[in-house]
Amino acid sequence: MKNIHSILLLCLFLSFSWVLSAQETIQVEAKSTRKKVGSKNTYSAWRTYETQTVNLLPGFKPQPEDFTRYGFLKNLKGKKTGFFHTEKINGRWWIVDPDGHAGFSLMINNVEKGLSPTNEKAFKRKFKDDSDWMKQTMAFFREIGFNGTGCWSDDDAIRAYNKSAKYPFAYSRCLYWMRQYAKEKGVAYHNVTKKNPNKCIFVFDPEFEKYCMERAKELVQYADDPNLLGYFTDNELPILKVNMDGYLNFPKSDPGRQAVDKYLKEKGIEREDITDEHRLEFAGIVAEKYYSIVSKALRTYDKNHMFLGTRLNSGTKHIKGVIEACGRHADILSVNYYGSWDLTKKHYEDWAKYADIPFQITEFYTKGEDTGMPNISGSGWIVKTQKDRGYAYQHFCLSMLKAPNCVGWHWFKYQDNDPEAVKDPSNVDANKGMVDNNYNPYTDLSDLMKQLNLNYPALLRYYNRY
């Protein structure tokens, strides 16, 4: 009898344990971007992904934080410098706000007014003027736990808001120095086009360094602004292993070609002996040249603000030499991250191994099928509903919180694409926003964002990362 009783108890225990473990995740249907056919993305078949959410973390108790005016942690102090900077405190990286409080930078990209007729009509219905729009928008962001704005935002409107705001909002600027330099040369570095089939950047041109120094003079107007998080000097630079072959296609008089010829001579190898190892090593040389030039220009005219890197993407974010070069010159490694349901542990461990600086994810998002939008453009995942977008947000952010070198993330983006306002072929027809084209929030998404954002310090403690 005792044996039977023991067996029954064991079965009940195992059954209960199974139920607990089964509840640690939910299942979310999603499909991922594959490759482009013409100008449009194709997608995988629908697949079910195990998804972690805040409510189902075993033993986790929500503990919303009492945040500072910048949305940072009142009880965790770093150095008070009057400007944002990074510090490693008790073994993990943090951003420290101008008042000396440590925390995470949680930002939204593209905080700007929509330009389509639909956007403009909705704006007039909902807001008195630009000031009212900014006031309401910032209140919404703060309520759901965001504390700053990322690339392609209306920095002038944000700076005007901050002048009298009780709770100022951090902002960051993208300078596009290489893109603008390439444009002046008559090529586009970011696409494989007839003008630039080699997909190279012109970092070896002597004129590029002079160009950056001249452009950096424009930063003096921001140098004393405590609310500026820092600068991205470019976005998604094509620093790849194919660069070496690209430079070799240029005439021998081209500075990039000369840099490759010099490298080959020093290595004692002929063109036909080039291996992928050489190509990757040379990508690191390209990155070192670029980061050394732009960081020197930045710090010549603005010594107060952080250099946030260049928002690495695709294969570039995994090239050892590129990460090492960024680590020598930037304050934060910024990465646009797509194609994975969560942040891969090996990736952030490699970033920590190659660069003694923290990282932030500066683009990620999902698109919902329940808006009726085609969702053809863009690289993000597609899920069924806005609630699924919120679950995907929580799952991805939880994977970032496990990384001791993570200091925040930037959601892409504030407002949905409106096909009536085409200005970027990658942003045409997709549900990427936190608000729709009538400025109405997707509350199922924002409620789940809020639950995670307000609890991120408690979640760090849960994962023994703080």
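This is a predicted model: local features need pLDDT of at least 70, side-chain atom pairs count only at pLDDT 80 or more; totals for chains, interfaces and linings use all residues.
Local features need pLDDT of at least 70 and side-chain atom pairs count only at pLDDT 80 or more, whereas totals for chains, interfaces and linings use all residues. Residues are numbered from 1 along each chain as its sequence is written, and side-chain values use heavy atoms, with hydrogens and water left out.

The structure holds one cavity of 30 Å³ or more (on a 1 Å grid over the protein atoms alone, a set of points where a 1.4 Å probe fits but cannot get out). The largest cavity contains about 120 Å³ of space, a volume being the space filled by probe spheres set on the points, which are joined across faces, edges and corners. Its lining (residues with an atom within 4 Å of a point) comprises 13 residues, and Phe364, Tyr365, Thr366, Trp381 and Phe396 lie nearest the centre. Helix α12, residues 386–401, gives the most to this lining, with three residues; helices are DSSP runs of H or I of at least four residues, numbered from the N terminus. Ten lining residues are nonpolar, three are polar and none is charged (Ala, Val, Leu, Ile, Met, Phe, Trp, Tyr, Cys and Pro count as nonpolar, Asp, Glu, Lys and Arg as charged, and the others, Gly among them, as polar).

The second largest pocket (an open set with protein on both sides within 12 Å along at least five of seven lines) holds about 210 Å³. Helices α3 (130–143) and α4 (155–162) each supply at least two of its lining residues, and α3 gives the most, with five. The lining includes Asp130, Lys135 and Lys166; by class, it has seven nonpolar, two polar and three charged residues.
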